[in-house]
Amino acid sequence: MEMSRDYAHFVTRERIKMNRTLFLDADGVINNFDTPYLSEFAIDPTLLKRVWRIVNMTGATIVISSSWRFSEDFGLPKLRHALNDLGIYDIGETPVIEWGKNRNEEISAFLKAFQPSRSVVLDDDKIGDIECPLGSEEVLVIKCNPRVGLTDEEARQAIDFLSSN
């Protein structure tokens, strides 16, 4: 069953305020250079399972920051469906400021609007400075190598950071 954007579960402001967030890029994080590209939007099940482990161990809410947000017909529904298949339903998205640019500004805008207690950003691109109303120590940016995607060690880093007070 293909999931439309309207059908997808969106998180509430209260849920995010009480929780920790995991900003998720797709390309280079949940796929890598070895992932079979059966379509433009490929997902490596092993890498996605590492995201599930982070969410499962920390209770973090996923916030999609990937350019897959711009593909409402396929990329975004595919990612939401894959996450839902793993039992992850608390899924939000960063606001779109300008396609392909300013991801740090989009993340900063989300942080200012929802003010989660702690956040981790998983991305394969360099993320610029993130403005966080709680202070920069409340956000950890993990830059994944797009050749390998999210590693066990990076997942452990995210879990440790999100689990600390």
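Is Asp25 buried or exposed? Asp25 is buried, with a relative accessible area of 4%. This and the views below come from a predicted model.

**View 1. A salt bridge joins Asp25 to Arg103.** The two side chains meet at 3.2 Å, N to O. The partners come from distant parts of the chain, 78 residues apart. Asp25 sits in the loop between strand E1 (21-24) and H2. Arg103 belongs to helix H4 (residues 103-114). Arg103 counts as buried, at 17% relative accessibility. The cut-off for buried is under 20% relative accessible area, so Asp25 at 4% qualifies and Arg103 at 17% does too.

**View 2. Asp152 and Arg50 form a salt bridge.** The closest N and O atoms are 2.9 Å apart. Asp152 lies in helix H5 (residues 152-163), and Arg50 lies in helix H2, so the pair ties together parts that are 102 residues apart in sequence. Asp152 counts as partly exposed, at 42% relative accessibility. Arg50 counts as buried, at 17%.

**View 3. Arg118 and Glu138 form a salt bridge between two loops.** Their closest N and O atoms are 3.0 Å apart. Arg118 is in the loop between H4 and strand E4 (119-123). Glu138 is in the loop between E4 and strand E5 (139-143). The two are 20 residues apart and link distant parts of the chain. Arg118 is buried, with a relative accessible area of 9%. Glu138 also counts as buried, at 17% relative accessibility.

**View 4. Asp25, Arg103 and Asp123 belong to one network.** Salt bridges that share partners join these residues. Across the structure there are 8 salt bridges. The bridge between Asp25 and Arg103 is one of them.

**View 5. Helices H2 and H5 pack together.** Two packed helices are described by the angle between their axes and the distance between the axes. Here the angle is about 20°, and the axes are 9 Å apart. Angles under 35 degrees count as roughly parallel. H2 and H5 are therefore roughly parallel to each other. H2 passes H5 in a right-handed crossing.

**View 6. Helix H3 is largely enclosed by the rest of the structure.** Of the 11 residues in H3 (residues 75-85), 8 are buried. Those residues are Gly75, Leu76, Pro77, Leu79, Arg80, Ala82, Leu83 and Asn84. What do the buried residues of H3 pack against? Their neighbours are helix H2 (45-58), strand E2 (61-64) and strand E3 (91-93). Just after H3 comes Gly87, with a positive phi of about 85°.

**View 7. Thr151 sits in the loop between E5 and H5.** Thr151 is partly exposed, with a relative accessible area of 26%. Thr151 and Thr46 are 105 residues apart along the chain. Their C-alpha atoms are separated by 9.7 Å.

Key. Residues numbered from 1 in each chain as written. Predicted model: local features only at pLDDT ≥ 70, side-chain atom pairs only at ≥ 80, totals over all residues. Heavy atoms only, no water. Buried < 20%, exposed > 50% of the residue type's maximum accessible area, 1.4 Å probe, protein only. Helix = DSSP H or I, 4+ residues; strand = E, 2+ residues; numbered from the N terminus. Contact = heavy atoms within 4.5 Å. Salt bridge = Lys/Arg side-chain N within 4 Å of Asp/Glu carboxyl O. Axes fitted to C-alpha atoms, helices over the stretch in contact; angles between N-to-C directions. Parallel < 35°, antiparallel > 145°, perpendicular 65-115°, else oblique. Left-handed = near helix turned anticlockwise from the far one by under 90°.
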